[in-house]
Structure formats: C-alpha cells, structure tokens
Amino acid sequence: MGWPSVGVGVFVTSAAHPACVLLLRQPETAGAAAVWGLPGGPLRGGEAWELCAERTVYAQAGLRLCQLSVSAVLNVVLPESHTVLILMRGAVEGEPPHAPTSSCEGWEWTAWGEPLAQPLAAPLATARARGVDPFAEGVCAIVTQPPRYCCAILRDPSGALLLEARPPSASVAGGELTCFGGKREPGEEPLACLLRECREELGWAPHDAARAVDLYVDGALVAFFFTASAPPRAAPLRLEPGRRAVWMDDVRRTHADGVPLSPWHACVLRALQAGDRRADFCSEPGK
C-alpha cells in the first residue's frame, strides 16, 4: 500500500448562510461522474495545514478564508488506500464567482443538518459517514478508528426519548433500557451502521441523524451516539423478538416502565443534557 496520502478539506462557512457549508461540484473525469465535495486538495511537502486550506479555497472558489480552525482529523484505511484527512473550518465574505473553472463547475450553500446533494466526493462522504460536525464549537475530533458501537438518541418534538427495553437474556445490557443501535460490521462507517441497526431493530431509520456524544469507557472510545428525530408514537414499528419500545418522557429519570436505564446510556444522556460532546464512564469509580 505504501505511505499514506494527506489531504485537506475545508468546511467553508458564511454569516450570510447560517449553518451552511459551501459545496463545489467537481467536474466529471475519465471514468468518474461529477461529484459534490468540499474545497481542498493534497497537502504539499512542507506546507502548513492552514496555508493548504487558504490556497485551495482561493484556487477553487475565489474566496479568502479567515477564522481558520481544525474540525477533525480522520485516518481512512481502505484495502487499496490509506489517507489522512485533515478537515478545517473557515469563514468567508461574499460569494464564489459563477464562471466555471477546471476544478469547479458549480457551487451551492447547503445546510449541514439536511440531506446533501449526491453523489458525494470521497472525503465529504467519509466526513458525513463518521459524523463530523463542522459547527461543533471548540472541538477537534481526532478519529484514528471508528468505535465498536453506534447508537441513536431518538427524540420527539417534546424531548421525550424512544428507548429499547432489552430482555434479561440479552448478551449486552440484559434487562435494561438502552438507545437503539449496535455493533459496527468490519469496514462499516458509523452512520451506515446506525441506519442499518435502526432498520433491523425498528423496521425504520431516521433521516436527520447527527453525531452528538462520544462515549469513552475507562478512557477508551467505545461508541458514537447520534441524535435524531424519533418516529411518531403511532408509527408501526417492527421490533426484534423479546424487545419492547419504551417512551421516556422525563429524560432525567433512570427507569421507565419498571426497567432501569443502562449505566452507559445514562452517562451519555447526562452528557447530552449538559451540552457535552464527550461522556466518560468509569467501570470502577474511585480508581
């Protein structure tokens, strides 16, 4: 496979377009269709990350960046390639020129919390699949390997949670309430895992999942928790045998329908209520 390549992608933001990022339509190339992606490109030898971001955004979008910061660093290992992806965020004033260039045949401001135009370039698709949030203040997510588990915090408009009551015989969290979700399959991206698990466990999947809290157990990253809109209470759900869907109207509670909340999931929900993006659970308190 050889040495990894290093690329820089930039979440370009603007006060004139709140909660949006600038996507560029990259032209069709030999054997590949046109795709939507982030401005950016390969890091040159000896080049600083921020200079690469400034250079590529100006070359591709004709805009000058300010207020640069690092959003995430992703280690992307595939059977045929290895890439270190540095994702930065910067603000601009004004709009890109409408004239197409060799690297951009169009652009649009897109709300990050909404479905993105398709198809996506590989760096943008990876950022999306791993739950990177360019608008998370003060957080740089360095993810060398996605965690083992991915779960969904499903909330209705009132803030009530839809949880799963697991049977006592369950191998994980038996006899407890948990968020819906489960274990990633080999090579599966976190968002894909979350949607698959919801379809398997509920017969339904959310459309607006956003990574919200990362769970660490004894200092090790164990799970990504995504927030998403719950299905309507009257929606027909298809649960796995022996499992029940339970609504918890007061998220401060530790029980619902006589079933206790899993300690791991209780730890995550406390972090979410406090506005924290990281939850730390210690299996042996005091050590």
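This is a predicted model: local features need pLDDT of at least 70, side-chain atom pairs count only at pLDDT 80 or more; totals for chains, interfaces and linings use all residues.
Trainee: How do you know whether the length of H1 agrees with what its residues should span?
Mentor: Helices are DSSP runs of H or I, at least four residues, and strands are runs of E, at least two, numbered from the N terminus. H1 covers residues 49–61, which is 13 residues. The expected span is 1.5 Å times one less than the number of residues. For H1 that gives 18 Å, and its end C-alpha atoms are 18 Å apart, so the two agree.

Trainee: Which residues of H1 are buried?
Mentor: Cys52, Ala53, Thr56, Val57, Gln60 and Ala61. Buried means under 20% relative accessible area, exposed over 50%, and partly exposed in between (1.4 Å probe, protein chains only).

Trainee: Why is valine 21 called buried?
Mentor: Valine 21 has a relative accessible area of 0%, so it counts as buried. It lies in strand S2. Beyond four places in sequence, its contacts (heavy atoms within 4.5 Å) include Phe11, Trp109 and Phe135.

Trainee: And why is alanine 205 called partly exposed?
Mentor: Its relative accessibility is 24%, so alanine 205 counts as partly exposed. It sits in the loop between helix H3 and strand S13.

Trainee: What makes S3 and S7 edge strands?
Mentor: The open sheet has three strands in the order S3-S2-S7, with antiparallel pairing. S3 and S7 each have a single partner strand, so one side of each has no neighbour in the sheet.

Trainee: How do you know that S2 and S3 pair?
Mentor: Two strands pair if DSSP finds at least two bridges between them. S2 and S3 have three, so they pair, in the antiparallel sense. Arginine 25 has tryptophan 36 in S3 as its bridge partner.

Trainee: In what sense do S13 and S18 pair, and over how many bridges?
Mentor: Their pairing is parallel, over four bridges. Tyrosine 216 stands opposite aspartate 280 in S18. Ala279 and Phe281 form the covered face of S18, while Arg278 and Asp280 form the uncovered one. In a regular strand the side chains alternate between the two faces of the sheet.

Trainee: Which residues touch the most other members of the largest nonpolar core?
Mentor: Leu177, Leu215 and Phe225, out of 27 residues. Such a core is a set of buried Ala, Val, Leu, Ile, Met, Phe, Trp, Tyr and Cys residues joined through side-chain atoms within 4.5 Å. H4 gives the largest share, five residues. Apart from this core lies another of 17 residues, including Ala53, Val57, Ala61 and Trp109.

How values were computed:
Residues are numbered from 1 along each chain as its sequence is written. Side-chain values use heavy atoms; hydrogens and water are left out.
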